[in-house]
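Here is a structure to explore together, one question at a time. How do the words used to describe it follow from the numbers behind them?

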Amino acid sequence: QSQRPTASGASTFALSPDGSMLVYRRREDSGNELWVRRWGDLEAFPVRGTNGGLSPAVSYDNTEIAFRVNAETSVVAADGGPVRPVTPGADVHWGPDGDLYVTTGGGIVRVPATGGVPELVTPDGYDLHTVLYDVLPGGKGAIVGTVLGDVGAMDLATGEMALLTVGA
């Protein structure tokens, strides 16, 4: 059985923070599923419970994978197991503090990977169509974009934004 990725695009791959494994989406007869390929292992394997999964993100300790199905962000152990829903949203990223940062219809939120009440980190009055591109090393900031194509750096503690590039 082939283990090669069969889907492409930004929401189909994630490299672990230490570079030791790749999580990717693979289409099977039963639907899309996330697979893990650790560089030290000979074969990749499917992660149970990730059917329909998109936008994978690997925790800093490589033990868990966050992903979305439709508009729900969930977390599963990298070796498979029970899937726990965390929060509505998409474009999920792990912070080095273990929290998840998720793009929602109301802005970017921070939520513990174990679940809980999402905390809005997008500042009041800022474009609610902000998209999280990545949490920066150290977890103090993030690169964000807007539907207008602007790209900025956001302080995750204060929500303060600094415009990096102006969209078209």
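**Salt bridges, strands and burial**

Arg-38 and Asp-79 form a salt bridge, with 3.0 Å between their closest N and O atoms. The two residues come from distant parts of the chain, 41 residues apart: Arg-38 is in strand β3 (residues 31-38), and Asp-79 is in the loop between β7 (72-77) and β8. This is a predicted model, in which local features need pLDDT of at least 70 and side-chain atom pairs count only at pLDDT 80 or more, while totals for chains, interfaces and linings use all residues. Residues are numbered from 1 along each chain as its sequence is written, and side-chain values use heavy atoms, leaving out hydrogens and water.

Q: Why is the contact of Arg-38 with Asp-79 called a salt bridge?
A: The term asks for a side-chain nitrogen of Lys or Arg within 4 Å of a carboxyl oxygen of Asp or Glu. The closest N and O atoms of Arg-38 and Asp-79 are 3.0 Å apart, so the pair qualifies.

Q: How many salt bridges does a search of the whole structure find?
A: The search finds three. One of them joins the side chains of Glu-64 and Arg-84 at 2.8 Å, N to O. Here too the partners lie in distant parts of the chain, Glu-64 in strand β6 and Arg-84 in strand β8, 20 residues apart. In another, the side chains of Glu-119 and Arg-110 meet at 3.2 Å.

Q: What makes Asp-79 count as buried, partly exposed or exposed?
A: Buried means under 20% relative accessible area, exposed means over 50%, and partly exposed lies in between (1.4 Å probe, protein chains only). Asp-79 has 53%, so Asp-79 is exposed.

Q: What class does each partner in the salt bridge of Glu-119 and Arg-110 fall into?
A: Glu-119, at 42%, is partly exposed. Arg-110, at 14%, is buried.

Q: Why are β10 and β11 said to pair?
A: Two strands pair if DSSP finds at least two bridges between them; strands are DSSP runs of E with at least two residues, numbered from the N terminus. Strand β10 (residues 99-104) and β11 are joined by six bridges, so they pair, and they run antiparallel. Leu-100 has Val-111 in β11 as its bridge partner, and a hairpin connects β10 to β11 through two residues.

Q: What makes strand β11 largely enclosed?
A: Of the six residues in β11 (residues 107-112), five are buried, so the rest of the structure largely encloses this strand.

Q: Why is the link between Asn-62 and Ser-20 called a polar contact?
A: A polar contact is a pair of N or O atoms within 3.5 Å; within protein, one must be able to donate a hydrogen and the other to accept it, and residues adjacent in sequence count only if both atoms are side-chain atoms. The side chains of Asn-62 and Ser-20 are joined at 3.2 Å, so the distance is within the limit. Asn-62 lies in the loop between β5 (54-58) and β6 (64-69), and its relative accessible area of 13% makes Asn-62 buried.

How values were computed:
Helix = DSSP H or I, 4+ residues; strand = E, 2+ residues; numbered from the N terminus.
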